[in-house]
Amino acid sequence: MVRKATAADAVRNRVNETMKPSPLRIHRPTTVDETLDLLAARGDTGKILAGGQSLVPVLNMRLAAPSDLFDITSVVGIDELEVSDADGSEEICVGASVTHRRVERSAEVTRTNPLLGEALRFVAHPAVRNRGTTVGSIAHADPNGEMPMVLALTGGRIEARSRRGERTLGAEELNIGPLETSLESDELITRAIFPALSAGSRTGFDELARRSGDYALAGVGMILDVDGETVTGLRCGFVSVTDVPDILDLGEAVSGARLSDASEVAATVAEAARDFIDPGGDIHASADYRRHLAGVIASRLFRRLCRSDGASGRGTAADSRGEDSPVVTTGDDTERRRA
Amino acid sequence: MTEDIDTEPTSNIRLAVNGTLYELEVPDRKLLSDVLRQDLELTGTHVGCEHGVCGACTVQLDGEPVRSCLMFAVTAQGHEITTVEGIGDDPENPSDVQQAFIDCHGLQCGFCTPGFVTTIDAYIDENPNPTAEEAREAVSGNLCRCTGYQNIVSAVCRAAELRAEGASQ
Amino acid sequence: MTTRLFGQKITRREDPRLLTGHGRYVDDVSGTAIAAAFVRSPHAHADILDIDVTGALDVTGVIAVWTHEDLPGQAAERLPMLIPHPSIVAPHTGYALAKDHVNFVGEPIVMVIAENRYIAEDAANRIEVEYSFREAVVGVEASREGTRIVHEGMEDNVAAHIVQDVGDVDAGLEGAPHVLELDLEFERSACMPMEGKGVVARWDPGEESLEVHSSTQTSTGLRAVLAAKLEIPLTRVEVITPDVGGAFGVKINHPWPEELAVACAARALETTVKWTEDRREHFISSAHERAQTQWVKVGFDDEGRILGLDVKFWHDNGAYLPYGVIVPLNTSTHIMGPYVIPTFRVEYWSLYTNTVMVTPYRGAGRAHAVFMMERTMDAIAAELGLDRTEVRLRNFVRDFPHPMGLRMQDGAEGCIDSGDFVTSMDKLKSIVGWDEFETYREQARSEGRRVGIGLACYIESTGAGPYEGGHIEVESSGRVNVWTGLTTHGQAHATVFAQIVADELGVPLETVHVKTGDTRKLPYSVGTWGSRGAVMAGNALHLTAKKVRQKALRIAGESLEADPEDLEIDEGMIQVKGDPSASMPLAAVSVLSNPLRYAFDESARAATQFAKDSAEDEPSIGPGEQPGLEEQEFFSPLRSTVANGMHAAIVETDPETADIRILRYCVVHDCGPMVNPLVVEGQVHGGVAQGVGGALYEKMAYDADGQLLNASFMDFLMPFASEVPHVETDHLETPSPLNPLGIKGAGEAGTIPAATAIASALEDAEGIPIRSMPLDPSTLWHMRTNHAAGELNRSR
C-alpha cells in the first residue's frame, strides 16, 4: 500500500525543499452556489481548503501547487452538526466545515455513534482537531486516517454537489485508492452522514502509534452485535494497514459464540484480521509487524467489547490489556508508588 | 503550474489580533504565522517546523489553540486571534499561565514556550483542575527539546491553581 | 547578613521576558530584511556539470543569485578545519557554496536573495543544476569496505585513525580467566533544537563594517572566521548572539556555509541580508550525530574485575570534518567510565560517508562510550551470574584524583578529579528500589506483564578550557552590569551568573544584569559547549566580582576611614563589620571611583572636582588605577573537571505488541556544588528526554542512495510529553579541586547514559541481548522472533 503523501514524501520526491507555498489565489465563497461556480470554473487546477491541516503542510512543501484555493469555512449551510431522524432511525449529519473538535465534543454524537468520538480522539492533537474538519479527512481518503474507516465501518455516506447536480456516495463508492476518491474536481462534499449505531451494538476503536497523535502503525475499529450473552455480528475496519477502508465482516465466523468464550474467539478474529489486511512496511515498522499488530489489537478489542458495553476512553494498545500499571509514570514524586 | 509569479495575488484583509483590528495587504499565500511575525511585528509567535507538528506557532483562534503555520492570514479574517502577547505582554505583570511557567521552571530556551502558553491558557478553562496525567496529555501536542516536559506538566497544574485563585478573588 | 544565593532554587530572571513575547531570537532581528534561500543538492554524490540560473532571474523581487563563482577571495576557499588533531589523516571540508562536486543531499549550491523568503524560494525552484552521478557511500559498513570512495584522491574513506592505550592490554586479556566480545551499534540522531540556525548580516557601507546576528554557540569564533574569510580587519566585524532557541551542539560549528555566504552578500549588496533555516533544511544540512559500529573485547576475573579492555570502533563522520574528531575522540576517552581498567586500548577510525556531517550533539560521543562500557558490564554480570550493580561496585574508582592515562579533547591528560561512586550507587539503588525489583517482577509476571530494570553509569569531562572571561561594571545608580563572552541557549545564564556575582558583591540579585555572547563588549571567549558555561564563565565572573569587590572596599575604606579588611558588603551597602552606622552604598563608591568634571545628576555631583576637600598632592586616578568600578578577569583551568552520574530505568514491554513503556526513570547526579538546583534539575530532565528520544524514537533513516527518508517532525520522532517519563532525581555534590567554586558541568549529563540504561532494562525484560540502539516495537518484535529461532544469542 501507499503511505500518505505528506511531509515525508517531500523528502523522497522533491528536489528543492521549501517551507513556503507557491503563489496562489484564495477565494472565500459564502454560499454553496458560489463555491460550486468556482469549482466548475477552476476546480481542475484549484483545491478546496477547509481546515487545511493536511493540505497546508503539502502546500508549504510545494508537493502541490494549486492555482486557487476555495476556502469553504465561511460558506453558509455547511457548518451544521445535527442528529436527524431519517425514516425512524437516527443519523449524524456532519457539515463540510464542521471541525473534528465539534464532533468530538458533541454529546449527541457520543450518544448515537460513540465509535466516531472514540476514534476522533486518536486524530493528531487537539490543536489540529480544532481546525481540521471531519469531512476534510474523509475527502482526503488517507489510509492512515481514522475518519474514512469510521464512515465505512458504520455504513455512512457522503453527499456531493456540483453544478451538474447532487449525488450520494457510500464509503465503498467514494474510496477508490489511497488518497484517491471518486469525486470529480468540480464536486464539493457538503456533508457526511453517519448512521446511529443500533442499541445492541458495542463499538470500540484502538490503535498503536509511535507517539501520541502520530499515524497509527495499525488501528482497528469494531462493531460487535450482541443478543443477551450471544454474539450476533462483528464488523472490523482498519487504519494504516489497508489501501482503502475495506470492512471485514466476521458475522458468519463468530455468530453464536458466547461472550464468555471471548478468549477463544478472539484468536479467530485476530487470524481473520491478519488474513484480510495488506500492510506495507516503512521506516517505522515492517509489514510483518503491522500485520501481527493489527491482529493483536483486534483480539484485544474483541475481548474488551465482550467484557463491557463497548464504550471506552482513549488508551493505547498496551493499556487495553485492561490492567492498570501499578506504577504511576507521571506526576510528582510524592504521588508515586514504588515499583 | 505556478502561474503569474509576476502578479502574485494579494488581498486587503482585516485581522483581529489581541483585541486590535489591523487592516493590511498581504499575498494570499502568506501564512498567518508570517503575517503575525513580519507584518504585525508580533514576534512572540515562533515558527519551529511549518508543517504543523511542533506547535511553537500555536495561537488561539476564537479562544481555541490552532497552528498559525497551517493557516493563511487571508482565511483568518472574521476570527479573533490571540497570540502570546495577547495572553500577557508585560514582563512585570505576567498572566497566570506565564507566572506558572516561572514558578515551575517550565522553560529553558523559551522558543517553544509561546505555543505552550497559548495552548495551556485555553486548556485550563476547559479543565480547571487537571491531574498530572491530564496535564501531560494536554501538552502532548507541542514539542519542547529543552525541558523534558516535566516542569511544563507542573506548570499546567500550577496555572490552574493560579487561575482558580484569581477567579475567587 | 544576606543569604548566600549560590545553591538556592531561584526562579529564572530571563523568564518574564521570554514568556511575554519579548524574547529576541535571530529571526526577530531585522524582520524586513531581504532574505536568502538556497538551492541544495538532491543527490548524495555527484559532479556539478552546469548551473542554469536564468529562470530565477526572471522572478520579480529577486535581487541576486550566487554560485561558487561569485564568492570572493578567501570566501571561495574551503571552509576551515576548526580543530586540527594529529589523528586526522585526510582533512576534508566543504565550501560555502558547492564547487564542482556535491557530497551529501542538502549541500548548498546556489544562494538566491530576494525581497522575501517566499520569492526567494520561487526563484530557487526555477534554478536548474545538471549533475553527473556517482555512487553514494552510506553507512559505516559501506564506508569501511572502501569499494566506493567519498572524496576524490583518497584510497579509502578514513578521515582519522588513532590508537590510545593504557598498560599492556594484550597481556591483560591473555591473563584473564574470562573473555567476552561484543559487537555493538549506535544509530544516528541529531540535536534538533526547536529553533533552526539563522543569521542576519548587516553591512555598514560608511563604516565598512559588518554586524552579524547569529544563533551560533560561539560569537567570538564566528567573528574571527568571518573576518578572515571576508579579509577585513577583526575590528570591523562584530557578532551578537541574541536569544537562541536551543542548540545542543549543532550551532557550535562555524562558519556554517550559509553564515559565510550571507555575510558576503550583505557586503556586496551593502545592506542587511537574512537567512532563517527552515526545518527541512535543518534535517538535511545541519549536523547529525551518533552513528558508530563498535567492538569490545573484555577480560575479567572470577569476581568480575576487569583486567583488560580492548575496543575498536568505526565512526561515521558524514561528508566533511570541519569540527575535527571531537566526537570519536570523546568516545575513546570516556569508555573507561568510573572504573579502574588496568589495561586498555582503544582504536578508532573516523569515516567519510555521503551523508550530513557529524559534529557534537549533547554528550558529544560520550553516550557511545557509555554504551560500550555499560553493555560490557551487564555482559560480565550475566556471564558470572552476578548482580549488575555488584559488578560495577567491584570495578569502581575509589581513590581520587584518578589519572586516566589518556589525552582528552582539551589536549590535557584526563583525570577524574573527584567523586563518590559507591555512595552514588547506594543512592540509585535506594531510589529505584533495585533490591526489591524481583518481587515486583514476579508480581507483574503473575499479571501477564513483562518488566525489566537496568542501569548505566557514566563520567563526563566538563568545563574544558582554554578560558572564559568576565566583565563587571557597577553603575553610579548601583546597577551591576555583567558580561561574559560565551553564548546562551536556555542555560539560565542570566540567573546563575547573577547569583554568583551578587554573592560576591553583596548586592540584591535584582540589581545584577547579565549579557552574553556579544563581541562588542567582550571579544575574548571560546563558546558554549561541552558543559562548560557554569564552570568556565561562572568561575571567571566569580574572580571578576572579587576584583570589583576589592576595589570597592579599598575606595570605601578611604572614604569611611576604615581598613578594607574590616568592611563588608550587604544588600548593596558597604559597612564596617559590626557597625552599620559607618556605611556607604556601593553605588556611591561607583560615583567616587570615577572622578568627574561635569555633574549630570545629583550623585555625579559628589564625584566632581570641587565636591571634595582640597586635593592632596596626588592625581585623581592613581598609578595603575582605572576610572570606574569596573573590572575584567579570566579563568583558565589546568584541565577538565569530571562530573559523573548513574541512571536506572524500569521498562515494560508488551508481550504481544512489543510496545515499550518506561515506567520509572531515576537519576543520581554529581556535578559538584549546584549554583541553582532548579536549573540543574531542568538540565537533567531535558537531557534524559533527549536520551529517551535516542533510545526509542529517533534515528536518521538514510536509504542506500543517501536520501534522508524522515526529514520532518512527522517522521523523525522527537518525543512529545506523552513519550517522556517523569524523572526522579537525587544529587551528590562532590566539589572539584580544579576551580574556585568547586563546580562541574551539568548540561549534557542527562543525555549521556539514557539510551544505555534503557537498553539494560530492555535486555533485562526480554532476556535478549540488546546490542543496538535505538530500539522500536517493530524491531523488538522481530528480535523476539529471531531469538526464539536461536539466531540472537551471541555474547550471552
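Colleague: What distance separates the centres of domain 1 of chain B and domain 2 of chain B, taken over C-alpha atoms?

Modeller: Domain bounds come from an automatic or database domain assignment. For chain B that assignment gives domain 1 (5–87) and domain 2 (96–168), and their C-alpha centres are 23 Å apart. This is a predicted model, in which local features need pLDDT of at least 70, side-chain atom pairs count only at pLDDT 80 or more, and totals for chains, interfaces and linings use all residues. Residues are numbered from 1 along each chain as its sequence is written, and chains are lettered from A and ligands numbered from 1 in the order in which they are written.

Colleague: How many residues of domain 1 of chain B are in contact with domain 2 of chain B?

Modeller: Two residues are in contact if their C-beta atoms, placed from the backbone, lie within 7 Å. Here 18 residues of domain 1 of chain B meet 14 residues of domain 2 of chain B. The largest share of the domain 1 side, three residues, belongs to β3(B); strands are DSSP runs (E, at least two residues) and helices likewise (H or I, at least four), numbered from the N terminus.

Colleague: Into which classes do the residues of that domain 1 side divide?

Modeller: Ala, Val, Leu, Ile, Met, Phe, Trp, Tyr, Cys and Pro count as nonpolar, Asp, Glu, Lys and Arg as charged, and the others, Gly among them, as polar. The domain 1 side in chain B has eight nonpolar, nine polar and one charged.

Colleague: How many residues does the contact take from chain B and from chain C?

Modeller: Chain B gives 54 residues and chain C gives 46 residues. On the chain B side, 24 are nonpolar, 18 polar and 12 charged.
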